[in-house]
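Work through the exercises below with the sequence and the model open. Each task is followed by a solution in steps.

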Amino acid sequence: MKCKFSLSLFLCILSLCGQAQSLTLQELVNKKQFQEVIARTASLTPADSADYATMSAIGQAYEGLLRYKDAYRCFSYCLKMDTNNVDALNAVARNAINFGRIAEAKRCYYKVLEADSMNFYANYQLARLYYQLGDYGKATEHYHILASIEGENSSILTGLADCHIKRGTGPNTMIALSLYARALELNPENVRVASSLINTLLRMGDGKGALQVCDTALLYNPDNGQIRQSKGMALYMTKDYEQADSVYTGLLADGDSSFLNLKYAGAARYMSGHALDGIELLEKAYEIDSTDVETAMLYGASLGKTYDRKRAYELFDLAEKNMQPKKFLVNLLTTFRGDVLKRDGRWPEAEKLYYAAWKKDPTQLNFLYEISRHYWDVDPGLFQKEKELQKTIFSKYTYLTAYMKTDKSQKYLYNYRPFLEAVCEDAFFKNADEVTMLAPDGKKTKLAVSDLRALVAQLPQMPEDELLRRKKMQEQMLKVQKREKDLRKSGAKPDTLALNKEKEEKARKMLKDAGLE
């Protein structure tokens with residue numbers, strides 16, 4: 001009996017020691033003595049790892065030291081001990097995000113919401129996460145939930161406004177303006193909210209509105225450089241150039257010689273009739289960014305009022321050059337625009353766009369290829385459709401003649417031979433020396449059949465193995481058609497006929513892709 005009592009007392013003391021240890025660790029965490037917590041983990045026993053509070057305190061310490069993977073492991077261990085613990089779920093998710101385990105974070109947060117759909121922390125973290133991922137619709141949903149919990153919260157209203165700004169112009173911008181304005185009313189000292197509202201007003205061209213917000217914000221933050229710079233921009237936008245110059249000059253005097261301050265201080269001086277005073281500032285701005293069109297123009301215009309007009313002309317030429325869009329981006333935009341037009345069923349507009357882009361830059365053969373590809377499916381009745389035939393001849397002949405001037409491989413150009421040979425044969429039977437071509441821009445031209453034959457002669461012959469493959473495909477197509485015919489005769493069920501029809505369509509598509517139909 002005495003032994004049993006002693007054993008029970010010993011276990012009780014051990015338990016109390018463990019609690020004291022965990023409390024001590026938590027107290028250290030609360031005091032932000034994270035290194036001390038980690039140092040003490042060396043003296044912990046394996047049994048301590050079974051204590052939730054101990055592992056949670058260690059996890060918090062690791063998180064405080066930005067060691068997110070270690071923190072994640074500790075909190076994951078806590079979660080195994082209590083799989084529905086909201087704090088553990090949130091902690092695992094929070095740390096998982098910090099080293100890229102986004103799916104794991106979402107899973108944990110949504111598990112919290114399964115138990116409590118109005119959980120503030122989980123909704124807030126998901127709103128922030130979706131915003132960072134660029135899913136502004138999802139972020140908005142979670143911010144709306146947060147607003148229903150605590151609608152008069154400046155941070156929530158600001159987050160919701162940020163989402164509306166990212167979702168586009170129009171109604172979203174107006175909603176964002178209203179939300180930023182309300183958030184600023186709730187917390188007028190918040191520079192971040194003030195800046196967001198000011199920038200939105202400036203983007204909308206409302207310089208007067210932006211100026212009012214700047215003046216209010218500067219009452220609470222008179223030395224804030226960002227707000228002062230925005231005030232300068234608002235004054236410049238409202239054409240109060242002298243006041244704008246005063247604001248920018250003050251910023252420069254305070255040591256902020258950033259590009260924008262130099263540029264607009266110089267611009268304000270030029271616009272207010274003090275061009276010569278702005279030359280030095282514009283020169284410094286130009287040295288920082290010589291590609292900025294406005295800076296080059298203003299710098300040149302200022303020098304134009306001096307005797308250094310040669311330099312002014314050079315700057316104007318540079319500004320004009322910088323105005324030109326980059327070829328890569330122009331061609332990429334054409335590709336994207338043409339693809340959308342095709343998908344929208346507006347092919348005539350797409351081919352005009354591609355053709356105009358190729359004429360402007362003949363190196364972009366991909367645009368001619370897109371036109372040619374559209375006319376690849378040559379059906380047997382094409383020679384009875386005059387306009388389509390003329391367009392098809394133009395697309396293939398123009399693409400091939402341009403392509404063969406390059407050093408690109410001509411290995412697969414044999415695919416063009418069957419159609420072009422058919423055009424030559426049709427001209428022979430009609431006793432015609434020329435065929436008509438119709439360009440995407442509506443212009444018709446004549447092509448000598450002799451020139452077309454000369455082009456065909458340059459194309460490679462179809463390889464034997466390709467001829468064999470196509471022959472097998474044709475045989476397969478004939479079998480499918482025969483099978484359908486036999487099924488109809490035997491009175492097969494509609495489902496069976498539909499299945500066979502599907503197979504026939506697949507085979508037909510293969511033939512078309514190969515240029516056989």
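A salt bridge is a side-chain nitrogen of Lys or Arg within 4 Å of a carboxyl oxygen of Asp or Glu. The model is a predicted one: local features need pLDDT of at least 70, side-chain atom pairs count only at pLDDT 80 or more, and totals for chains, interfaces and linings use all residues. Residues are numbered from 1 along each chain as its sequence is written, and side-chain values use heavy atoms, with hydrogens and water left out.

**Exercise 1. Find the salt bridge between Asp254 and Arg228 and state which parts of the chain it ties together.**

Step 1. The side chains of Asp254 and Arg228 meet at 2.8 Å, N to O, which is a salt bridge.

Step 2. Asp254 sits in the loop between helix H14 (241-253) and helix H15 (259-271), while Arg228 belongs to helix H13 (residues 225-237), so the bridge ties together parts that are 26 residues apart in sequence.

Step 3. Classify the two ends by relative accessible area: buried is under 20%, exposed is over 50%, and partly exposed is in between (1.4 Å probe, protein chains only). Asp254 is exposed at 56%, and Arg228 is buried at 19%.

**Exercise 2. Which residues have the most contacts inside the largest nonpolar core?**

Step 1. Apply the rule for a nonpolar core: a set of buried Ala, Val, Leu, Ile, Met, Phe, Trp, Tyr and Cys residues joined through side-chain atoms within 4.5 Å.

Step 2. The largest such core has 86 residues, and Ile58 and Ile227 have the most contacts inside it. Helix H11 (residues 191-203) gives the most to this core, with seven residues.

Step 3. List the contacts of Ile227, where contact means heavy atoms within 4.5 Å. Not counting residues up to four places away in sequence, Ile227 touches Val191, Ala194, Ser195, Ile198, Cys214, Ala217 and Leu218.

Step 4. A second, separate core has 40 residues, among them Val378, Tyr399, Met404 and Phe419.

**Exercise 3. Is His142 buried or exposed, and what is it in contact with?**

Step 1. His142 is found in helix H8 (residues 136-149).

Step 2. With 5% relative accessibility, His142 counts as buried.

Step 3. Neighbours within four places in sequence aside, His142 is in contact with Tyr110, Leu113, Asn123, Leu126, Ala127 and Tyr130.

**Exercise 4. How many disulfides does the whole structure have?**

Step 1. The test is a pair of cysteine sulfur atoms within 2.5 Å.

Step 2. A search of the whole structure finds zero disulfides.

Step 3. Cys163 is buried, with a relative accessible area of 0%, and Cys214 is buried, with a relative accessible area of 0%.

Notes
Helices (H or I, at least four residues) and strands (E, at least two) are DSSP runs, numbered from the N terminus. Contact means heavy atoms within 4.5 Å.
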